Amino acid sequence: MEKVFENEMKLEFISKSCNEAFARIAVAAFASQLDPNLEELQDIKTAVSEAVTNSIIHGYENKQGIVKIHCLIKGNEIKIEVSDSGKGIENVDMAKEPLYTTKPNLERSGMGFTIMESFMDNVEVESIIGVGTKITMRKVVKSKETTESQNEFELVK
Ligand SMILES: Nc1ncnc2c1ncn2[C@@H]1O[C@H](COP(=O)(O)OP(=O)(O)OP(=O)(O)O)[C@@H](O)[C@H]1O
Ligand SMILES: [Mg+2]
């Protein structure tokens, strides 16, 4: 039986907004071993950026805290957990609604969760008030061969 490829990495950084770019690029670099196409890589970067920004802005409200990222690759799927020990979300169902934001005055559009859900295959939110929030996102990266042969097929059609 063929062995399933597995790999794992963890990151921890201070909740400074300048670390959002670092986190998104580090996760993209790790994800690149799945050989994603540009669109898939962009989707992953955007989703990570939204989750990390939420931890910094809402979780810690710009006070200093630690944001943690745990990435796991299994076969052609990447699982990305972004967690904080910040204030937590009162009502997760409501928070996930498009356009819902608790910070409208900060030019937030309330689209972060909607973006994560549209760019990743699956998004789970666990949150406890005063304890923190963990976002778990999964995405299957279609192998390059599949994408390329699909493109060839489309050209022939
Ligand atoms: N890590 C978190 N800790 C605490 N609250 C959070 C966290 N992530 C999200 N929230 C809450 O969920 C709401 C919705 O999040 P979402 O990312 O969809 O929108 P937003 O951050 O307000 O706006 P946008 O992402 O469009 O800039 C936030 O306004 C905030 O109240
Ligand atoms: Mg957001």
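## Close-up views of a predicted protein chain

Of the 157 residues in the protein chain, 41% count as buried (under 20% relative accessible area; exposed is over 50%, partly exposed in between; 1.4 Å probe, protein chains only). This is a predicted model, in which local features need pLDDT of at least 70 and side-chain atom pairs count only at pLDDT 80 or more, while totals for chains, interfaces and linings use all residues. Residues are numbered from 1 along each chain as its sequence is written, chains are lettered from A and ligands numbered from 1 in the order in which they are written, and side-chain values use heavy atoms, with hydrogens and water left out.

**View 1. The fold has five helices and five strands.** Helices (H or I, at least four residues) and strands (E, at least two) are DSSP runs, numbered from the N terminus. From that end, the order is β-α-α-β-β-α-α-β-β-α. Contact means heavy atoms within 4.5 Å. Among contacts with a separation of 6 or more, 65% join residues 24 or more positions apart.

**View 2. The largest pocket holds about 630 Å³ of space.** A pocket is an open set of points on a 1 Å grid over the protein atoms alone, where a 1.4 Å probe fits, with protein on both sides within 12 Å along at least five of seven lines. Lining residues have an atom within 4 Å of a point. Grid points are joined across faces, edges and corners, and the volume is the space filled by probe spheres set on them. The lining has 33 residues, and N54, H58, A95, T102 and F113 are the closest to the pocket centre. Two or more lining residues come from each of α2 (38–59), β3 (77–84), α3 (92–96), α4 (112–119) and β5 (132–140). Helix α2 gives the most, seven residues. By type, the lining has 10 nonpolar residues (Ala, Val, Leu, Ile, Met, Phe, Trp, Tyr, Cys and Pro), nine charged (Asp, Glu, Lys and Arg) and 14 polar (the others, Gly among them).

**View 3. The largest nonpolar core has 36 residues.** Such a core is a set of buried Ala, Val, Leu, Ile, Met, Phe, Trp, Tyr and Cys residues joined through side-chain atoms within 4.5 Å. I44, I69, I80 and M137 touch the most other members. The largest share, seven residues, comes from α2. Beyond its neighbours within four places in sequence, I44 contacts V27, A31, I78, I80, M120, K139 and V141.

**View 4. A47 sits in helix α2.** A47 is buried, at 0% relative accessibility. Leaving out residues up to four places away in sequence, A47 touches M116, M120 and M137. A47 and F119 are 72 residues apart in sequence, yet their C-alpha atoms are 6.6 Å apart.

**View 5. F13 and F22 form an edge-to-face pair.** The whole structure has one aromatic pair (Phe, Tyr or Trp rings, with the six-membered ring for Trp, centres within 6.5 Å; planes under 30 degrees apart are stacked, over 60 edge-to-face, the rest tilted). The ring centres of F13 and F22 are 6.0 Å apart, with the planes at 90°. F13 is buried at 5% relative accessibility. F22 is partly exposed at 40%.

**View 6. D35 and L99 are non-glycine residues with positive phi.** D35 has phi of about 60°. D35 lies in the loop between α1 (19–31) and α2, and is partly exposed at 37%. Phi of L99 is near 75°. L99 lies in the loop between α3 and α4, and is exposed at 64%.
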